[in-house]
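Let's take a walk through this model, starting with the overall build and ending at a pair of strand pairings.

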Amino acid sequence: MQQNKIILKLLRPGQQKGRMYGSWAALCIGMLLLFAAALAWFDFRAILSRKGKEDTMAAYLVIGKQVTNERMTQDPAKNLFSGTEIGELKKIKGVNEVGALTSNSFPVSASMGGNLHFYTEMFLGAVEDKYLDVLPEDWAWQPGQPSLPIIMSSDFLNLYNYGFALSQGLPQLSQTSIKALPFEIEVARGKEKYRARVVGFTDRISSVLVPRSFMEEMNRKYGNSATPDPSRLVVKVQDPSDKTFVDFLKSRSYTTNEEQLRWNRIRTVVQAIVSSVGGVALIVVGMALLSFILFVEITIQRAAGHIRLMKQLGYAPRTLRRILNRFFLPWISSAVVAAALITFGIHCVMIQWLNTMDLHIHLEDAWIIGALMVLMLLVLTLLLLRSSRNMLRRI
Amino acid sequence: MQLQINSLVPEPLKSRLGQQHSDIWGQVQTIQPGEKVFFRAPSGKGKSTFMHILYGLRDDYTGTAAWEGKDIRRQDDNQLAALRSGAISIVFQDLRLFGDLTVAENINIKRSLTNAVSEDEAREWLQQLGLEGKWEQKAETLSYGERQRVAIVRSLLQPFQWLLLDEPFSHLDDGNTGKAAKLIYSRVEANKAGMLVVDLEDNDWFPYTRKLLL
């Protein structure tokens, strides 16, 4: 022990404190950047892939086949989704459920009695209830029931209120007032008549929705089949920005609400940023390693006279190397460990802070810090051993 | 451990070789274990060079010097370290103490290599040579004579079969030389070692078995 103390005194001659702490700090900062970049990559991935709470993060998308000039002229049946196509979609990773948006294959018209003399041909759609974002109380229909509940897309009301009504000098209508207006639905040119009423508005599906039981019954009676191929699908996906899913949609030219896919672009941008931070971190770490190795070599070089004399006194190079390494190892390890602890601390703070914004990252992701720490310690130790061996051999 | 010297010629002495007689340079010599040999040489005849060659510090020479049949030039750093810490000890002409270390540290850095001698013993020897009270003093603040005595004590802190002394008493008065020689010889005896002493002038510090001209 006493011997080591004397030897260390000989190996660290002069005032090198500034240099020593400087290179320690450089190493620590470099490591900090590297750890932070790696952790950020994981954290962003956790946030963007929203693995945290599957259901709250899952999104419903309505997808259809893009209408192109070629498609306009081809067999309309090809613009519908066949069973195989639906099956393929279901196989995509992250796609939880696929529901068909069935249309009417029989003529429908709506009219309003009284003074309004309102009449229009129209269309209807139906999906399974679980794909709806609203479920009004009286949302049900059984055969024989004369009243028909309807859920209307709020887009339609908006088109009327903000576009049509204003330009035509007509009154704007609130959702409640619409709900209060009864009208008549005629199925198959008056073969059946129902007293219809709007019971809710949906933001998810732009269509006029009726209960599925009604659609099936009417399609069976007046259309070709009870469940014709759908032209649109409601898809529940875990992550609408998931690359495989987005790529699949693109490759099939399926369209959907692009807004939902914006995460994908954000993620690309974020990943680019994090990658470049990681790149910079690697450069900084490289330079820190260089400065550290130079520091070790300068230290040994400065002590060359003393080392030579120690060798003359009978000190074996391996003894000197061991002592040198025992001095430098704790010094570099402390820089790496300090950087790792700081990064871990930042991670913990981030977890708290992001939680308040309902974004969830995981404490477990910190394993990357541990892994990188071990890796860096290994690299540094090897570099140190190599450089001290080479230096001592040269003296 | 036998010393064999065969046609040893250091590069710097090459041109002057043959001008004067030498028992070593260019000759074959075998020195048996335990011999006490004195080498006399005037300045510039390569006294320190000879010591350094035997101690494995330089290799700018032709011929061979071998300890126990092993060419000193062919020893690697670790083998040299083993020789220098356990078989051959030296007092350099230029002493080679660590100037920025204290006497205590200079002593202990050598002593702790083998722990053959206790710290108390080392202090006792310093005291015998009149260096009591210098224990905590930095080596560079000592007089040359004091440093020479520290170097002598340092050379005795390990087990050795050969002790090389390069003008060991150059800065000591007769009284101190006597004390130092006595201490050295007692340690040489205790180690059953041989000694090789080089100096400018003939002397009788030790009971030499041979005196040679360098």
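Predicted model: local features only at pLDDT ≥ 70, side-chain atom pairs only at ≥ 80, totals over all residues.

Residues are numbered from 1 along each chain as its sequence is written, chains are lettered from A and ligands numbered from 1 in the order in which they are written, and side-chain values use heavy atoms, with hydrogens and water left out.

Start with the overall build. Chain B has six helices and nine strands, where helices (H or I, at least four residues) and strands (E, at least two) are DSSP runs numbered from the N terminus. Of its 214 residues, 54% are buried, meaning under 20% relative accessible area with a 1.4 Å probe, protein chains only. As for contacts (heavy atoms within 4.5 Å), 76% of those with a separation of 6 or more link residues 24 or more positions apart.

Now zoom in on the strands, which pair if DSSP finds at least two bridges between them. Strand 1 (residues 3–10) of chain B runs antiparallel to strand 4 (residues 61–67) of chain B over six bridges, and Leu3(B) sits opposite Trp67(B). Strand 4 of chain B also pairs with strand 5 (residues 70–71) of chain B, antiparallel, through two bridges; here Ala66(B) faces Asp71(B). The hairpin of strands 4 and 5 of chain B has two residues between the strands, and Glu68(B) takes a positive phi near 55 degrees.

Note on methods:
Buried < 20%, exposed > 50% of the residue type's maximum accessible area, 1.4 Å probe, protein only.
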